[in-house]
Amino acid sequence: GRWETALRLFDELKARGLQPNVVTYGAVLWACEGGAQWDTALALLAELKERDDLQPSAAAYCAAISACGKAGRFDEANDLFLE
């Protein structure tokens, strides 16, 4: 699926020593949302939150919340919403 391609390119970017920005994270999060990959979306959002030089955007949170919702993971979606 497209989410797999997006994730592969994201990993390749990091492997080449490049640092993804908020837009890059958001694009991959939306790709995960489209593929209902809630667990991958949560992992990416956690990675983004750990970065000292970036802050998650509203779009990043929306993508992760929507991915959780599509998968029926409403507790996780609600926890993100409350952040």
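Which residues does Leucine 80 touch, not counting residues up to four places away in sequence? In this predicted model, Leucine 80 touches Leu42, Leu45, Tyr61, Ala64, Ile65 and Cys68.

## Fold

The protein chain has five helices and zero strands. Along the sequence the pattern reads α-α-α-α-α. With a radius of gyration of 12 Å, close to the 12 Å from the globule rule for 83 residues, the protein chain is as compact as a globular protein of that length. Along the principal axes, its C-alpha atoms fill a box of roughly 35 × 30 × 15 Å.

Among contacts with a separation of 6 or more, 52% are between residues 24 or more positions apart.

## Nonpolar core

The largest nonpolar core is made up of 19 residues. Val28, Leu29, Leu44, Leu45, Leu48 and Leu80 have the most contacts inside this core. Two or more residues each come from α1 (2-15), α2 (22-34), α3 (38-50), α4 (58-70) and α5 (74-82). The most is given by α4, with six residues.

Leu80 and Leu45 are both among the core residues with the most contacts, and these two also touch each other. Over the whole protein chain, 31% of the 83 residues count as buried.

## Surface and charge

The protein chain carries 8 positive and 13 negative charges. The mean positions of these two sets of charges lie 7 Å apart.

Terms used
Residues are numbered from 1 along each chain as its sequence is written. This is a predicted model: local features need pLDDT of at least 70, side-chain atom pairs count only at pLDDT 80 or more; totals for chains, interfaces and linings use all residues. Side-chain values use heavy atoms; hydrogens and water are left out. Helices (H or I, at least four residues) and strands (E, at least two) are DSSP runs, numbered from the N terminus. The radius of gyration is taken over C-alpha atoms; the globule rule is 2.2 Å times the number of residues to the power 0.38. Buried means under 20% relative accessible area, exposed over 50%, partly exposed in between (1.4 Å probe, protein chains only). Contact means heavy atoms within 4.5 Å. Lys and Arg count as positive and Asp and Glu as negative; His and the chain ends are not counted. The place of a charge is taken as NZ of Lys, CZ of Arg, CG of Asp or CD of Glu. A nonpolar core is a set of buried Ala, Val, Leu, Ile, Met, Phe, Trp, Tyr and Cys residues joined through side-chain atoms within 4.5 Å.
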